[in-house]
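Student: I have a model open on my screen and some terms I would like to understand. Could we go through them together?

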Amino acid sequence: METSLGVDHQLGLLMEGEFCNRTITKRFSGSAGERLVKTEEPPPALWLGPVIEFLSDNLPGSRKSGWDHAFITAYQIGCEALVALGQADETAHGAVPRENPALPAILPRWDDLATAVICLAAQNGLITFLSDVEGQSQLGAGTDNLHQTNRGMWAASSNPEVTRVLRSLRLLDGNEWTAASETIMWRDSPTEWRIDFSNDPRFIRALDDACKHMPDSIRAEKESIAQITDAAVAAHSARVLGQDEDESKPVWRMLPKTPEQVKDTIRWMRRHDFDELFYKFWRIGDGWLSRDKARRALEIFNDPLAIAMRKAVAARLFPHWPHLAE
């Protein structure tokens with residue numbers, strides 16, 4: 001569902017928690033994906049200011065100099081989020097703050113922004129995931145102990161700044177993870193928690209839905225991704241051999257590859273291309289997104305949930321192309 005906010009909000013007021021009566025604060029209603037995982041999104045007035053402030057303050061750089069993502073996934077996603085929130089303009093290496101930031105008429109997806117916050121906090125060591133509850137005894141001073149009732153694997157140590165923004169996103173109730181946080185945490189999947197969602201009923205329902213309702217446009221793109229023709233092998237080989245044609249630029253000369261080695265490389269690249277379709281056009285709470293709805297989505301690449309769904313869909317629908325499920 002798309003929710004509009006008046007673009008005449010002032011960022012300073014949002015940062016201070018003043019949203020006035022111009023802010024739409026009604027809860028989001030259900031969408032076509034209700035048959036999968038229904039998560040009630042919190043009102044934007046609760047989290048917009050805290051999310052913008054957290055991203056701005058914790059990405060490498062500053063509001064004055066801009067932000068450099070250094071091609072690190074969490075930083076790239078954070079810069080993308082600030083651009084999508086109307087606070088910055090994209091650059092080749094990150095983002096630069098706008099002189100007159102303004103919220104877009106249609107906000108980015110709440111679940112994507114929540115994922116961006118979690119990824120950035122983890123990247124900067126502002127949240128540490130613990131393998132068991134007993135590990136909390138080793139926490140340092142000035143951190144919050146996060147947990148989920150009867151779920152030791154959900155223990156974490158959090159900087160209070162992170163705790164506050166997670167509460168604003170309704171991922172925490174006090175210091176306890178909420179039901180809404182679970183599928184979002186699947187998208188970070190801390191190794192310490194050993195999360196296995198592949199047999200979860202919600203994942204299975206989402207898999208059934210993704211297979212049954214795959215749009216024709218996605219199927220068409222999948223066809224071009226899956227098939228590795230002789231022409232594609234020849235084109236890739238030509239690009240590799242042509243890397244050192246410009247003698248003015250030092251390059252690492254690559255050894256010639258056999259056709260099968262070239263195919264293995266192309267298969268790896270094509271799996272990444274297939275992943276991108278899920279990053280852009282699929283969400284567990286909504287299934288496949290229309291082109292219009294996908295404009296609200298952040299491209300959370302390296303998303304473990306999207307990759308797991310890609311593998312499961314490929315294994316079920318396209319067993320004749322096993323490389324797509326690897």
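Tutor: Buried means under 20% relative accessible area, exposed over 50%, and partly exposed in between, with a 1.4 Å probe and protein chains only. This is a predicted model, where local features need pLDDT of at least 70, side-chain atom pairs count only at pLDDT 80 or more, and totals for chains, interfaces and linings use all residues. Residues are numbered from 1 along each chain as its sequence is written, and side-chain values use heavy atoms, without hydrogens and water.

Student: Why is Ala325 called partly exposed?

Tutor: Its relative accessible area is 25%, and that value lies between the 20% and 50% cut-offs, so Ala325 counts as partly exposed.

Student: What is Ala325 in contact with, leaving aside its neighbours within four places in sequence?

Tutor: With contact taken as heavy atoms within 4.5 Å, Ala325 touches Arg310, Lys311, Ala314 and Ala315.

Student: Why is helix 2 called largely enclosed by the rest of the structure?

Tutor: Eleven of its 15 residues are buried, so helix 2 is largely enclosed. Among them are Trp47, Leu48, Ile52 and Phe54.

Student: Why are helix 3 and helix 4 called oblique to each other?

Tutor: Helix 3 (residues 73-84) and helix 4 (residues 110-123) pack at an angle of about 140°. Angles under 35 degrees are roughly parallel, over 145 roughly antiparallel, 65 to 115 roughly perpendicular and the rest oblique, so this pair is oblique. The contact is made by Ala74, Tyr75, Ile77 and Ala81 of helix 3 and Leu113, Ala116, Cys119, Leu120 and Gln123 of helix 4.

Technical notes. Helix = DSSP H or I, 4+ residues; strand = E, 2+ residues; numbered from the N terminus. Axes fitted to C-alpha atoms, helices over the stretch in contact; angles between N-to-C directions.
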